Amino acid sequence: MKLWFNLLCRDIESQMRFYAALLGWPEAVHSRSPIYRALQHEGVQFGFNAPPAYALLGLDERAPDAAAETVPPVTAYATFMLDTPSAVDAASTQAAALGGRVLKAPYATYYGQWQAVLADPEQHVFRVSSHTLPPGA
């Protein structure tokens, strides 16, 4: 099985660049279209749909109001499992430097992972996590 996960975005090019820089994943060039860009890595395709995708998918009624400047509610989020706690720390710093935000700085979870909660430049929430804790945490 493969997983393809898509975000509906205002600017698919800048969103793809943000995540490509953060994750180091290459573009899935074969999937490129006028309203779609994607990154791929180990059986996962992480895609970015432009606003016309709402109509294409029959979701016109659920498209956000372009004039509204409120932060959208969080109804889903991706978690990117990184190899080490230091990679989580680095991704948090890099996300902020790339125009995203750190919503919750790296911390030890009750289930033994080192994790940070972040937002991309369009305010989509995601996590970066590692299966291990740093020394002393």
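Me: How many bridges join strand S6 to S7?

Reply: Two strands pair if DSSP finds at least two bridges between them; strands (E, at least two residues) and helices (H or I, at least four) are DSSP runs, numbered from the N terminus. Here 6 bridges join S6 (residues 114-119) to S7, and these strands run antiparallel. Leu118 has Phe126 in S7 as its bridge partner. The model is predicted, so local features need pLDDT of at least 70 and side-chain atom pairs count only at pLDDT 80 or more, while totals for chains, interfaces and linings use all residues. Residues are numbered from 1 along each chain as its sequence is written, and side-chain values use heavy atoms, leaving out hydrogens and water.

Me: What lies between S6 and S7?

Reply: The two strands form a hairpin with 5 residues between them. Gln123, in the turn, has a positive phi of about 75 degrees.

Me: Which strand runs parallel to S7?

Reply: Strand S4 (residues 78-82), joined to S7 by 5 bridges. Met81 stands opposite Ser129 in S7.

Me: Why is S7 largely enclosed by the rest of the structure?

Reply: Buried means under 20% relative accessible area, exposed over 50%, and partly exposed in between (1.4 Å probe, protein chains only). S7 (residues 125-130) is largely enclosed because 6 of its 6 residues are buried. Val125, Arg127 and Ser129 point one way, and Phe126, Val128 and Ser130 the other way.

Me: Which residues of helix H3 are buried?

Reply: Pro85, Val88, Ala91, Ser92 and Ala95. On the other side of H3, Ser86, Thr93 and Ala97 are exposed.
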